[in-house]
Amino acid sequence: MEVINAIGRRKSAVARVYVSEGTGKITINKVDIDKYFPSAILQYVVRQPLQLLEAAEKYDIKANLYGGGFTGQSQALRLAIARALVKINGEDKKSLKSQGFLTRDAREVERKKPGRPKARRRFQFSKR
């Protein structure tokens, strides 16, 4: 099997993934996943598509992550891994899609408007 690549995005985070046959090692920015995402919840989010297809020990994953925070990066990585798994085997698409792993979450931060402290928040109104 040749190396399969895919891209995933969430908020302002971008994940580029390279999947090859291997033993289940996940490397992010040349660092092991346990060091890059110390939180067990974020590691679980990244591994969700692999666990669904019971392919956690089949593939080695190398990922380049940049932008955003740790939550956005983990969800971008999950999308990229799911897309790569569909490229490897098209029959897996139905199960991944039903779990929502192939849906790009398009929510972005709303811009701050002039004359307001935040995007929608207004300054406190004073009657007198």
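**Exercise 1.** Is Lys11 buried, partly exposed or exposed, and at what relative accessibility?

*Solution.* The model is predicted: local features need pLDDT of at least 70, side-chain atom pairs count only at pLDDT 80 or more, and totals for chains, interfaces and linings use all residues. Residues are numbered from 1 along each chain as its sequence is written, and side-chain values use heavy atoms, with hydrogens and water left out. Buried means under 20% relative accessible area, exposed over 50%, and partly exposed in between (1.4 Å probe, protein chains only). At 43%, Lys11 therefore counts as partly exposed.

**Exercise 2.** Determine which residues beyond its sequence neighbours Lys11 contacts.

*Solution.* Contact means heavy atoms within 4.5 Å. With neighbours within four places in sequence set aside, Lys11 touches Arg104, Arg107 and Glu108. The C-alpha atoms of Lys11 and Glu108 are 5.1 Å apart, although 97 residues separate the two in sequence.

**Exercise 3.** Trace the salt-bridge network that includes Arg10.

*Solution.* A salt bridge is a side-chain nitrogen of Lys or Arg within 4 Å of a carboxyl oxygen of Asp or Glu. Step one: Arg10 and Asp105 form such a pair, at 3.3 Å from N to O. Arg10 lies in strand S1 and Asp105 in the segment after helix H4 (93-98), so the pair ties together parts 95 residues apart in sequence; helices (H or I, at least four residues) and strands (E, at least two) are DSSP runs, numbered from the N terminus. Step two: Arg107 also bridges to Asp105, with closest N and O atoms 2.8 Å apart. Arg10 is buried at 9%, Asp105 partly exposed at 24%, and Arg107 exposed at 57%.
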